[in-house]
Amino acid sequence: MSVEQFIEDVGLHYSRLGLSRTAARAIGALLVSDEPVDAPALVERLGVAKSSLSVALRQLEQWGL
């Protein structure tokens, strides 16, 4: 399984639990990272808008993640 496929699979799993797709994919990207990742790196990795990632990160904070 490729890293990209893993991120998508994690995204699908967590979106079924109620997270937004972007927040769920962000979890996947964070899980595969060997180093701390900042928001600009997640925007690039996931191919999403900054505003979408901002909303997603806020959701992760609200969920205590």
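1. Let me begin with the overall fold: the chain has four helices and zero strands, where helices (H or I, at least four residues) and strands (E, at least two) are DSSP runs numbered from the N terminus. Along the sequence the pattern reads α-α-α-α. The chain's radius of gyration, taken over C-alpha atoms, is 11 Å, close to the 11 Å that the globule rule gives for 65 residues, so the chain is as compact as a globular protein of that length. That rule is 2.2 Å times the number of residues to the power 0.38.

2. A word on the basis: this is a predicted model, in which local features need pLDDT of at least 70 and side-chain atom pairs count only at pLDDT 80 or more, while totals for chains, interfaces and linings use all residues. Residues are numbered from 1 along each chain as its sequence is written, and side-chain values use heavy atoms, with hydrogens and water left out.

3. Of the 65 residues, 31% count as buried, meaning under 20% relative accessible area with a 1.4 Å probe, protein chains only. Taking contacts (heavy atoms within 4.5 Å) between residues at least 6 apart in sequence, 43% join residues at least 24 apart.

4. Now have a look at α3 (residues 39–46) and α4 (residues 50–62), whose axes come within 10 Å and cross at roughly 115°. Axes here are lines fitted to C-alpha atoms over the stretch in contact, and angles run from 0 to 180 degrees between N-to-C directions. The two helices are therefore roughly perpendicular to each other, a label that covers 65 to 115 degrees.

5. Which residues of α3 meet α4? From α3 come A39, L42, V43 and L46, and they meet K50, L53 and L57 in α4. By class, this contact has six nonpolar, no polar and one charged residues; Ala, Val, Leu, Ile, Met, Phe, Trp, Tyr, Cys and Pro count as nonpolar, Asp, Glu, Lys and Arg as charged, and the others, Gly among them, as polar.

6. L46, in helix α3, is buried at 6% relative accessibility. Beyond its neighbours within four places in sequence, L46 contacts I7, T22, R25, A26, A29 and L53. L46 and L57 are 11 residues apart in sequence and 13 Å apart in space, C-alpha to C-alpha.

7. T22 sits in helix α2 (residues 21–32) and is buried, with a relative accessible area of 18%. Leaving aside neighbours within four places in sequence, T22 touches L46, V48, S52, L53 and A56.

Note on methods: Parallel < 35°, antiparallel > 145°, perpendicular 65-115°, else oblique. Buried < 20%, exposed > 50% of the residue type's maximum accessible area, 1.4 Å probe, protein only.
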